[in-house]
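Biologist: Could you walk me through this model? I would like to know what stands behind each label you use.

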4 protein chains.
Amino acid sequence: MISFANDYTAGAHPDVLQRLIETNAEALSGYGTDTYSAAAKEKIRAACGCPGADVYFLVGGTQTNQVVIGSLLDDCEGVIAARTGHISVREAGAIEYTGHKVIALRSKDGKLSAETVKEYLTGYYADGGHGHMVYPGVVYISYPTEYGTLYSKKELTELCSVCKEYSLPLYIDGARLGYGLESPECDITLPELAGLCDAFYIGGTKVGALCGEAVVFTGAKAPRHFVTKIKQHGALLAKGRLLGVQFDALFTDGLYMKISRHAIDMAMRLKEILAERGYRFYVDSPTNQQFVILGDEEIERLRGWVDFSIWERYDGSHAIVRFATSWATTEADIAKLRRVMEE
Amino acid sequence: MISFANDYTAGAHPDVLQRLIETNAEALSGYGTDTYSAAAKEKIRAACGCPGADVYFLVGGTQTNQVVIGSLLDDCEGVIAARTGHISVREAGAIEYTGHKVIALRSKDGKLSAETVKEYLTGYYADGGHGHMVYPGVVYISYPTEYGTLYSKKELTELCSVCKEYSLPLYIDGARLGYGLESPECDITLPELAGLCDAFYIGGTKVGALCGEAVVFTGAKAPRHFVTKIKQHGALLAKGRLLGVQFDALFTDGLYMKISRHAIDMAMRLKEILAERGYRFYVDSPTNQQFVILGDEEIERLRGWVDFSIWERYDGSHAIVRFATSWATTEADIAKLRRVMEE
Amino acid sequence: MISFANDYTAGAHPDVLQRLIETNAEALSGYGTDTYSAAAKEKIRAACGCPGADVYFLVGGTQTNQVVIGSLLDDCEGVIAARTGHISVREAGAIEYTGHKVIALRSKDGKLSAETVKEYLTGYYADGGHGHMVYPGVVYISYPTEYGTLYSKKELTELCSVCKEYSLPLYIDGARLGYGLESPECDITLPELAGLCDAFYIGGTKVGALCGEAVVFTGAKAPRHFVTKIKQHGALLAKGRLLGVQFDALFTDGLYMKISRHAIDMAMRLKEILAERGYRFYVDSPTNQQFVILGDEEIERLRGWVDFSIWERYDGSHAIVRFATSWATTEADIAKLRRVMEE
Amino acid sequence: MISFANDYTAGAHPDVLQRLIETNAEALSGYGTDTYSAAAKEKIRAACGCPGADVYFLVGGTQTNQVVIGSLLDDCEGVIAARTGHISVREAGAIEYTGHKVIALRSKDGKLSAETVKEYLTGYYADGGHGHMVYPGVVYISYPTEYGTLYSKKELTELCSVCKEYSLPLYIDGARLGYGLESPECDITLPELAGLCDAFYIGGTKVGALCGEAVVFTGAKAPRHFVTKIKQHGALLAKGRLLGVQFDALFTDGLYMKISRHAIDMAMRLKEILAERGYRFYVDSPTNQQFVILGDEEIERLRGWVDFSIWERYDGSHAIVRFATSWATTEADIAKLRRVMEE
């Protein structure tokens, strides 16, 4: 069976795995103080054009969002996010577990507009009752969004500008960052993106690593005692090398971007096939996740041949279905899918 | 100046104060184990028709919501509430501070419909992704709502029924309970309301007490170690008598309802005056809070004569304004307001 | 029966109650913004010799400790306290509930020495592993302590000095502050005490009020958004006047100190009686709480005549028993106790 | 340089790594629902003699303690632990971060005795004040302890018995479980240990894996919604295979025990060398960690040749130093160490 279920069905990209194998026997210091972690951080700083940035490695996306957002917020502050944002919906209340409200605002195709944020903030500070309301403390967006869509450079710049006006850090969840940056519709570079936010993470788990996310505090310092906060969340690996070595591999010879480009190439051909088949797209995604609305019968028919994800129910007889590509998607997979579709 | 700013501008109802004075010198045991607390609990059980109910006294409304909801929820559960609910908006994130999400659903005139809750729960359990989403653990409503509106017996029965279907406790915030029960539009009795929910509180602060709310766990037991949980929240008074004596007074000779009825009488006359003046009501409230949409000039003009609350901005030149009555509102206040309005 | 059970068996001191009665009908603004709260704060600033201090009113002691300590600590910091401190033992984990560790150090007669704190801090910063240990963020002491003992000015100065050396705020729990300041052994004034710490609270509940504690941030500002943090803990009273009026009364014409002095006078005579009876003191307390070790038979005999508290078991046949005085203790009570003891 | 710094300096045991390589390309379902995770769980159940046990994989030890203990405790409960326990000291307050107190009791050589626990519980329930104290909710011990020592079967049985008497779950931190079970002094089998506790974890990170710990809820079910709680802590891996495959390898053909035995063999020879050199042992450890008290000069001398850990200061001129072995320790390392020592 061909799998388009998600971008974490396969293990690590072979080059990443190779580095783990090569370095396995070396005796390295623990908790992220090893030389590979140091080298990886340096390469990431260079790639982001942020020579002074603090970089840390965490294990997964929800964990990263929890630790970073929790550390950036004061006790009575909350984080502004799109109503469809990962932290708003799919993280089992990880942000609330740290005591903070997710201030969920309306969004379109997964995107939060500068206008919506501005309107909320204006209302918040106009309304005399704000002493009894959670203070906004951080703005969270995903790039690409949970629906595979992208903010344009203009949109990001506007968001950045509203955040600056209200002295709110802008934090970008880049669980699938590479798939955004290598999308044909992307009009921004990694350094430009880094320059428009206060913190973001470069997703490894879904872009070729076994696990791991790299948090970048652009330009400024990480929150005080950040390593201790990571530890306090149970998020500090004794064998921190596992993350350091993988990110060192991902940021050597542009591997991260190569993996992303390959997945995007595959995704564009996948999208073409889905379009040719006449499927209705739930949203027009230029990245590695494609969402289509399928009838229950069609879903049943496909199930025998292809692995995909049921995203959510659309109506009584349809569901939104997700197809995703990754480093592991092959030309052969695409060819097989085409055959299944043409039947 | 006449004050309609809110229902907590004056101190305690004279009869409540009188009981505090009379009992002041008595040596009573601490932390709510005194005889007045015991007597008050017994009277509340009788008034609610719940002879087996666990009753506890807390100091304020936000505190009560925080302690009760936090105690009813398992770690990864959240509380369903109207988007305009007090816990969703005006409690500075007190629920999130205890680690739980407020699952805010759309509402109309402050009310959450059984249909909306049912639709959410159906979607939640249909969607395969619910293991990554906060589990719904309690349903919260306010009676009356934050906009002074009331649920009908039918609406409450329907909500109760959805909650039972999904084994979710229904918890009612009765910060202004008396003003609901004594409203001309109320079609439910206190025992009936108690019978339709799993826990609720009888608001004292806004209905004649200096402070204090009485939580009733109808029929069932309070959460395990509930007194310790109250203590853990810093909510246990050493001089628990302060709450016991007041609630004993409020539930002697129907004082709680008398206070409520008086405020409702005043409110209905207030409403009439506002209507005669031609004000546009933001919502049609049958209780002690009246919301009207006033232009900024009118607000300026009134300010010199009457004290009221700016609830929130309505648009660029109007605001939603709240007028409220309480035990302290007098016929003379109403007469003065009429004169101000007739000018 | 005569009661020496504790210092919260009676209601408010008559002068405090009188002020509540006199002001009851006034229409005052809510949430602590009333004129009595403002006046009381001003009087407290004057009494403390801290004209620039931020002063806030909270309802009870555990709540005050929870809100203040929680607000002063960064996420991965804990509070240093005596192993017998109220926050270490008797507050149902209120500090931990806010996510912070109580770093409990050894103590003697309820007191934490500068030497012990210094030794801990030296060890902490010497040990390379501190990144995996909770950072010390605040030092907490009680004055008087939970065993009625007092720090001398020298001891407080030394503690203050260690705290300054490590940039740690020193916070004093003054639940029974007046009983300390009016003790014959006290060698410090209120302004001196205020000058040696960063924050402290003046206990009302146990010194003549129905409820209420006044937090003083000496010299410096309160933590950011402090009112919102109070609200977030469910600790903000709608009728904030209840606290403002009481503290206004307590700090008018030296009432707070008069109440304290009376209780101390009674306590010193109580102590004399207990000593004459030949009881063994568990600790030598110069304040309003006296702890003696009594055999179970003696406890049984006394129970019929006097109300006191069993503090904790001492051994198989003895318990530590507490006798306390307050504003409500009378000469007649003392005389009766003497008779009971002489039998 | 030879490394005895800790048991996580090298990567994965070659056989574990081999399995990761072999399975890397397979498309597997996410979040721990893959076939390798299922197989590993089955093998663990068999090895523990608990056919009905719920088994879950987590990433690291602090995380595991946090998620498991937090899930087992009610809101106002705390966890009893040795004062030297990992959760008491070295986890940056991870337990407190979830709102729970660590009730730290005195210990000897890292061990908590049944007698100490019993004494605490007797005092707790005898003392009338327990409603204001954190309820004990779980007992935590480490096997081996943080000082490498072991509980005997008799000691574990006694602890188990006290826990049962007070209906408290006994939870064992097995970060280095294998090194305990394969110690020459161990008098208990894995199934016996499983039978004496309610939950424990089998440490992978320090026994041959890159990361990963396996939690076993022996006989009973895991806490409700446990996967969602894992997610809520940010502890659920998208590529759950990383843990499943490694534990599948570790529990195939007794690899986990083989790795442990090898490290123990090396540790016993290491211990012999340290003894011959005349070093004073801080504690007599029969497992893979050896603690000796070294003078600062000796530490300086050794540093050039061997990598070890400074555990904590012993006095002004000595420190407690840790030497550890693992799967990666070789005969050659031991031989080199002997030569260094003989110089």
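Modeller: Gladly, and one term comes first: a salt bridge is a side-chain nitrogen of Lys or Arg within 4 Å of a carboxyl oxygen of Asp or Glu. This is a predicted model, in which local features need pLDDT of at least 70 and side-chain atom pairs count only at pLDDT 80 or more, while totals for chains, interfaces and linings use all residues. Residues are numbered from 1 along each chain as its sequence is written, chains are lettered from A and ligands numbered from 1 in the order written, and side-chain values use heavy atoms, without hydrogens and water.

Biologist: How many salt bridges does the rule find across the interface of chain A and chain C?

Modeller: Six of them lie across that interface, and over all chains the count comes to 100.

Biologist: What makes A:D74 and C:K229 a salt bridge?

Modeller: Their side chains meet at 3.1 Å, N to O, and the rule asks for within 4 Å, so the pair qualifies. It crosses between chains: A:D74 sits in the loop between α3 (61-72) and β3 (77-82) of chain A, and C:K229 in helix α10 (residues 226-232) of chain C. Helices (H or I, at least four residues) and strands (E, at least two) are DSSP runs, numbered from the N terminus. Both A:D74 and C:K229 are buried, where buried means under 20% relative accessible area, exposed over 50%, and partly exposed in between (1.4 Å probe, protein chains only).

Biologist: What else describes the meeting of chain A and chain C?

Modeller: There, 18 residues of chain A are in contact with 18 residues of chain C, contact being heavy atoms within 4.5 Å. About 1,700 Å² is buried between the two, 50% of it from carbon and sulfur atoms; buried area is the accessible area (1.4 Å probe) that two parts lose on being put together, summed over both. In chain A, the residues that lose the most area to chain C are A:D75, A:H132 and A:T228, together 31% of what that side buries.

Biologist: How many residue pairs in polar contact does the rule find across this interface of chain A and chain C?

Modeller: It finds 10 (both residues at pLDDT 80 or more). A polar contact is a pair of N or O atoms within 3.5 Å; within protein, one must be able to donate a hydrogen and the other to accept it, and residues adjacent in sequence count only if both atoms are side-chain atoms. Helix α10 (residues 226-232) of chain A gives the largest share of the side that touches chain C, four residues.

Biologist: Why can chain A and chain C be described as related by a two-fold rotation axis?

Modeller: Chain A can be laid on chain C with an RMSD of 0.0 Å by a turn of 180° and a shift of 0.0 Å along the axis. The two copies are thus related as by a two-fold rotation axis. The superposition is by least squares on the C-alpha atoms of residues with pLDDT of at least 70 in both. Also, 100% of the interface residues of chain A are interface residues in chain C, so the copies meet through the same surface.

Biologist: And what is the area buried between chain A and chain D?

Modeller: That area is about 3,700 Å², with 59% from carbon and sulfur atoms. A:N24, A:Y97 and A:K239 lose the most area in chain A, together 20% of what that side buries. Here, 45 residues of chain A are in contact with 45 of chain D. The count of salt bridges between these chains is zero, while 24 residue pairs are in polar contact (both at pLDDT 80 or more).

Biologist: Why is helix α11 (residues 241-250) of chain B called largely enclosed?

Modeller: In that helix, 10 of the 10 residues are buried, so it is largely enclosed by the rest of the structure. Among them are B:R241, B:F247 and B:D248.

Biologist: How do you know whether C:H13 is buried or exposed?

Modeller: Its relative accessibility is 15%, so C:H13 counts as buried. C:H13 lies in the loop between β1 (2-3) and α1 (14-23) of chain C. Leaving aside neighbours within four places in sequence, C:H13 is in contact with C:G208, C:L255, C:I259 and C:W327.

Biologist: Which class does D:K108 fall into, at 61% relative accessibility?

Modeller: At that value D:K108 counts as exposed, whereas D:D109, at 38%, is partly exposed. D:K108 and D:D109 form a salt bridge, with the closest N and O atoms 3.8 Å apart.
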